[in-house]
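The following note comments on the packing and the interfaces of the model shown below.

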Amino acid sequence: MSENLLRIDDLHVAFSTRRGMVEAVRGVTFTVKAGEMLGLVGESGSGKSVTGFATTRLLDAAGRVTGGRILFRGQDVTKLRGDDLRQLQGAAMSMIFQNPRAALNPIRAIGLQIADAILTHKRISKDAARAEALDLLRAVQIRDPEQRMNAYPHELSGGMCQRVMIAIAISCNPALLIADEPTTGLDVTTQKVVMDLLADIAAARGMATILITHDLGLAARYCRRIAVMERGRIVEEASPSTLFSAPQHAYTRRLVAASPTATSRIEDLVTEEERERYTAVLGKPRPALAHGTPPLLEVRKLAKRFDQGSAAVADFSMTMAGGESVGLVGESGSGKSTTSRMICRLIDPSEGDIVFDGHSIGHVAARDFHRSPLRKNIQMVFQDPNESLNPRFTAFDCIAHPLMRLDGMRAGDALRKRVEECAQRVGLPLDLLPRFPHQLSGGQKARVGIARAIACRPRLLVLDEPTAALDVSVQAVVLQLLDRLRRENDIALLFVSHDLNVVRMLCDRTIVLRNGGIVEQGESRALFDNPKTDYTRKLVEAIPHIETGPTLAAAL
Amino acid sequence: MLSYILRRIVATLPVMAIVALFVFSLLYIAPGDPAVVIAGDQASPEDVERIRQSLGLDRPFLVQFGSWVWRILHGDLGTSIFTNLPVSAMIGQRLGPTLSLMIVTLLLTIVVAVPLGVVAAWKAGSLIDRVIMGFAVFGFSLPVFVVGYMLAYIFALELEWLPVQGYTPLTQGFWPWLENLILPAVALGCVYIALVARITRAAMLEVLQQDYIRTAKAKGLGQGGILFIHALKNAAVPIVTVIGIGIALLIGGAVVTESVFAIPGLGRLTIDAILRRDYPVIQGIVLLFSFVYVLVNLMIDVVYTLVDPRIRY
């Protein structure tokens, strides 16, 4: 077992771009022993995925290994050509990817896709390959495997697709599996099931695994050794317990601090040095609501039925006071996004009513609501800042647009002042305003999205997974920003998320949704500490808590 | 599936009805009294009146249209003013050559253009890609008759490999039939090949960037398997669309090509009919072409569902 299966020596990878060569990996060195699971953790742009792709020889055409060696069983992978390379890919070494549905061919039955991999490497008949594919589907615990053989990816859930990917990856019994963000985008409960399955299969087959992830908690739960990457280098390598109890490198400390845990508070998400600035804001107490103040938002028996089939949301009622923050959690398909969109008046409810500040708005058609004077009071921050900004609008245009449409402002100095003021409130440097979205980082785009939403001084902000696409350190900053805006401007937040740790920190109250109905609701901390229903308990337990990591890893 | 095809056929009925109305109105849209138009320049007023009565032009428009549609539904396309032969018989005689030309061109295009596009996408940015795309631009820019005369000069007159013009029915043997069609098909196919090759390249480039192509590589699949099993079928929808739209191009192109290569097909019949102002024949031909085009579109929709399981029917 002491033999190194994989040894990466001073690896350099560069990409040719329009602005010349950019080094993505700058001298990475690590080893993987047979059968072990190594965590490769870092934020976007750290080069962790590029390292994985270089190892499996799947780099884009623009990327090249410019230095170093990747020794797999003593053979330099970077020098393999033609058939030697193909014998390695998918056979001795395989890979699973982020976004499993996109990683599967949409128009090929999954049974065939598994059989493809088998037939590439083994000289057996098509029937035999089909039988093996069926066995693999059983191995990855897919129900009714005989029927699923003929299913297409769009007929399966994300978690199922990832299981199919795992089946493909293990089809030729590889010695090394590289899992690139295998559960990003999946629900916490699905994430747990898929990761448990992956760990079991790896252990049973003695397969070494490299788990590439941005989630320290996840790596801590499943790996005995974690390498932390920053800007193309490995800055620290240690066991999870050492990493969390005594992080050596400044970047690791920041990362550990920014990772939300079951007990962390918003102010904990930064390192000691950064905290001082923030405590000043926190010191300001929120004004207590006078008794008998009517609620800001009241939702009564809301329901939504799409064309055919059962209701996406049924019998949903809630109230929100001004300045309150409420979390809406649940697995995908629980109806939380549908509900938030109805409240935002982007889609029409089938039944029920929405009362905002004493005005019934549930019956105003969604396509006419933009003319309502209440439109500017309810604004939305969307999930993916990359997708939700118009690529042809500069940051300035993006923030100015709602001011012109909803506040009737005209182009000029007054508008410029308002936009700059919004940018300042969200901490967006003013010199970034003339830039287009593709010239901004993920965190900067998130700030533009929030600045746009708060530009018209709304009283209710609906946030649909606003940090799901962001790195933890950026997420920490965005969460603090939202919390500060709420305290300073008395904006009510309706926060839709599947990340329970985040909801626990940010929201006073939490509503748990399942299959379109409310399962449980209550004060956030109490709800998560003592869940009353099995469903909530399952959700809470599925979060990879950093604390549980070392114990589990030690038990392996 | 069968019910889907039936529903699609039913959906084409209004289209055909509108086409029929338009085709019928041709006679009335043309300036002047239809009877005068048909009778020609030197007809006496009595002749005009006789024609008016015999064609029923004195009856109301909708009544005329109704009886015209009724006759068409019974397979009667009317009688040629010039030859006094039934239009359906005239079209029937000429259908073979045109159909042969279109089928050969279609097959030639698919066999040549799709692989060219695939190779260009696979080797995107390389010399071979640029050469293929260069030829595509060239093919776009040359009119059919220029290519036709050039081909005929080089391969028929100078090299004497193929016949200059004419047509031999398939009943007289496969090679004589094909021999006569090669040059016209290449001439007619030029634009079409260029178009399909470009679209194939673009669609393939798009598909080759998808995650599942990376998965196919990760499985260790060979280049051929990746390109033709995983990529091409995913790129098929736009390619099939453009091949279908191209059939309209072929119809127009066939008219010119048949003149250049003296093929006695529908194209020639169309030109003759227009020159003689033989309205019943023109109507019959336009109706036929529209029908073919609607049929092709129906076939494309069916092919979509065969190619892509995500398209529901």
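1. The largest nonpolar core comprises 148 residues, and Phe72(A) and Leu176(A) have the most contacts inside it. A nonpolar core is here a set of buried Ala, Val, Leu, Ile, Met, Phe, Trp, Tyr and Cys residues joined through side-chain atoms within 4.5 Å; buried means under 20% relative accessible area, exposed over 50%, and partly exposed in between (1.4 Å probe, protein chains only). Helix H7 of chain A (residues 158-170) gives the most to this core, namely nine residues. Helices (H or I, at least four residues) and strands (E, at least two) are DSSP runs numbered from the N terminus. Because domain 1 (4-259) and domain 2 (297-550) of chain A both give residues to the core, it lies between them; the domain bounds come from an automatic or database domain assignment.

2. This is a predicted model, in which local features need pLDDT of at least 70 and side-chain atom pairs count only at pLDDT 80 or more, while totals for chains, interfaces and linings use all residues. Residues are numbered from 1 along each chain as its sequence is written, chains are lettered from A and ligands numbered from 1 in the order in which they are written, and side-chain values use heavy atoms, with hydrogens and water left out.

3. Neighbours within four places in sequence aside, Phe72(A) is in contact (heavy atoms within 4.5 Å) with residues including Leu5(A), Leu88(A), Met93(A) and Leu176(A). A second, separate core of 58 residues includes Ile91(B), Leu101(B), Ile193(B) and Leu266(B).

4. Between the chains, 25 residues of chain A are in contact with 19 residues of chain B. About 1900 Å² is buried between chain A and chain B, 61% of it on carbon and sulfur atoms; buried area is the accessible area (1.4 Å probe) that two parts lose on being put together, summed over both.

5. The rule finds one salt bridge across the interface of chain A and chain B, a salt bridge being a side-chain nitrogen of Lys or Arg within 4 Å of a carboxyl oxygen of Asp or Glu. Lys219(B) forms a salt bridge with Asp116(A), with the closest N and O atoms 3.8 Å apart. On the side of chain A that touches chain B, H4(A) gives the most, with five residues.

6. Chain B is divided into domain 1 (17-76) and domain 2 (94-307), whose C-alpha centres lie 37 Å apart. The area buried between these domains is about 850 Å², with 75% from carbon and sulfur atoms, and the salt-bridge count between them is zero.
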